[in-house]
Amino acid sequence: MRRLPRLRPAGLRGRVTVAFGVGALLVSAIFAVTTYALAQSYLLSQRERAVLRQAYLDANYVRGRLESAGADVPAILTAMAPTSGSALVVHWRDRWFSSSLDVGRSSIPRSLRDVVADGRPASIRTRIDGVPAIVIGVPLPSVQASYYEVAPLRELQENLRTLGVVLTGGALVAALAGAGLGVYASRSVVRPLNDVAGAAAQIAGGRLDTRLPPTRDPELATIVGSFNSMVDTLHQRIERDARLAADVSHELRSPLTTLVASVEVLDKRRDELSPRSQRALDLVIEELDRFRRLLDNLLELARVGAGLAPEAAEPMSLWELLEHTLARSGQTTAVLSGARDVQVTGDKLRLERVFANLIDNAERHGGGLAAVTIVGERDRALVLVDDDGPGVPISERERIFDRFATGRTARGSSSGTGLGLALVSETVAAHGGAVWCADRPGRGGRFVVSLPRADARPDGATTAGGET
């Protein structure tokens, strides 16, 4: 059995709009029904009083004429000639006379005839040929006759129908106006929430100087003040943590330099050491190198957290930057391919550190660097760094960019500071780009760095091959 799709719950703006619309519809519907009922009752009452008054006048006229000798009832009815559409019926000497061919004895309800026959005037509302009408009966005992007047309510019914249509249309217009007012009100209600959400998104993106603008609304002033105070506290804590990391890293450089110099002296005289001491010296050299890289990364992360200095950003050739980075990393430039005319804007030293860390990661954890490819897109430049390792599992592709996240190398050993890829991610993000892991055709891993192009091409052409 096919399951019906689940409806998503309406948002706050939708609920406010529906509430205003339904509320306006209910109020206008109640008003319309009440107005229609009162108008119907009033108009019917007025019409009935007018017909009763006219019927009594006509009955007196008929009685006066019938009291004269030689009265001719059809002539009397013809002479009266009602112009309001009413029909006149007279019962005299067991005969029925009518001013209309469509109205006669059968049109007079039996209950009304019985009451009039008992000598009492009466009126009744009925329908004649589907048309509502008021029938009034007046006994004329002095001439042994009964007078009836049938007043149709067709015009009144049409007026009431027109009034009903107008009131219904008014109710619908009021509902639409209420919905429009609900849209306006919901925007006024949701706008502060959108401002808070936008400010929070900017803060999450690293713009810690973002604040909500002051407001004169006393109900929002507390929220705005609390939010801005929270951001101020957060900014101060982040700056304090960044300064602490930078200060600690800086203070550790002096003893580290002393240790490195001392170990270099021991390494120069390693021939004088026993084999066991030489192995211990190698371990110390390796850990000191790891310690040095850790401090360098911590210092750089602290600088990145402080933001890119505008004067440090400059346009540069991505090909030349990668050639220089490969040469400094001891790699051959034969692995470099792709577009040669792509330019990016940024801090040259920091971008060089980004690619140096990726190359070092490929050497240490990916089984060796396989290729570096530049792909130029319309407004982005992609750098593909491939290695010969086993690749990165899908479940680990986001975690490896976290700080102090370490993994297994291609050779099965655990190494690294856990800050290299975190530094890559944060530095690239500070340059308006992104970095991620991708599947590489064949064997090996692939890291993709995306940076905005300084020479963005409006035609959208791609200047180098290579699928990511």
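**Figure 1. Overview of the chain.** The chain holds nine helices and 12 strands; helices (H or I, at least four residues) and strands (E, at least two) are DSSP runs, numbered from the N terminus. This is a predicted model, in which local features need pLDDT of at least 70 and side-chain atom pairs count only at pLDDT 80 or more, while totals for chains, interfaces and linings use all residues. Residues are numbered from 1 along each chain as its sequence is written, and side-chain values use heavy atoms, with hydrogens and water left out. Of the 468 residues in the chain, 35% are buried. Here buried means under 20% relative accessible area, exposed means over 50%, and partly exposed lies in between (1.4 Å probe, protein chains only). The chain exposes about 28,000 Å², and carbon and sulfur atoms supply 55% of that area. Accessible areas come from the Shrake-Rupley method with a 1.4 Å probe; for residues, only the protein chains shown count as cover. Among contacts between residues at least 6 apart in sequence, 63% join residues at least 24 apart, a contact being heavy atoms within 4.5 Å.

Figure 2. β3 (122-128) and β4 (131-140) pair in the antiparallel sense over seven bridges; two strands count as paired if DSSP finds at least two bridges between them. R125 has I134 of β4 as its bridge partner. Two residues lie between the strands in this hairpin, where D129 takes a positive phi near 55°. β4 also pairs with β5 in the antiparallel sense, over eight bridges, and I136 has E149 of β5 as its bridge partner. The hairpin of β4 and β5 has four residues between the strands, and Q144 takes a positive phi near 55° there.

Figure 3. L112, R113 and V116 are buried in helix α3 (residues 110-117). Seen down the axis of α3, these buried residues fall within an arc of 100°, so they line one face of the helix. The arc is that of the directions from the helix axis to the C-beta atoms. The buried residues pack against β2 (95-98), β3, β4 and β5 (145-152). R110 and A117, on the other side of α3, are exposed. Just after the helix, G119 takes a positive phi of about 90°.

**Figure 4. Helix α7 and its cover.** In helix α7 (residues 318-328) the buried residues are L318, W319, L321, L322, T325 and L326. Viewed down the axis of α7, they fall within an arc of 160°, so they line one face of the helix. Their cover includes β6 (313-317), β7 (336-338), β8 (343-347), α8 (348-365), β9 (369-376) and β10 (380-387). On the other side of α7, E320, A327 and R328 are exposed.

Figure 5. R350 and D347 meet in one of them (3.9 Å, N to O); R350 is buried at 13% relative accessibility, and D347 is buried at 12%. D360 forms a salt bridge with R364, the closest N and O atoms being 2.8 Å apart. These two residues are four apart in helix α8, which means about one helical turn separates them. D360 is partly exposed, with a relative accessible area of 30%, and R364 is likewise partly exposed at 30%. D439 forms a salt bridge with R397, with the closest N and O atoms 2.4 Å apart. This pair links distant parts of the chain, 42 residues apart: D439 is in strand β11 (residues 434-439), and R397 is in the loop between β10 and α9 (420-430). D439 is exposed at 51% relative accessibility, whereas R397 is buried at 18%.

**Figure 6. A nonpolar surface patch.** V18, V22 and L26 form a nonpolar patch on the surface, with about 270 Å² of accessible area together. Patches are made of residues with over 30% relative accessible area and no salt bridge; like charges are joined within 9 Å, and nonpolar side chains (Val, Leu, Ile, Met, Phe, Trp, Tyr) within 5 Å. L26 lies in helix α1 (residues 12-67) and is exposed, with a relative accessible area of 52%.

Note on methods: A salt bridge is a side-chain nitrogen of Lys or Arg within 4 Å of a carboxyl oxygen of Asp or Glu.
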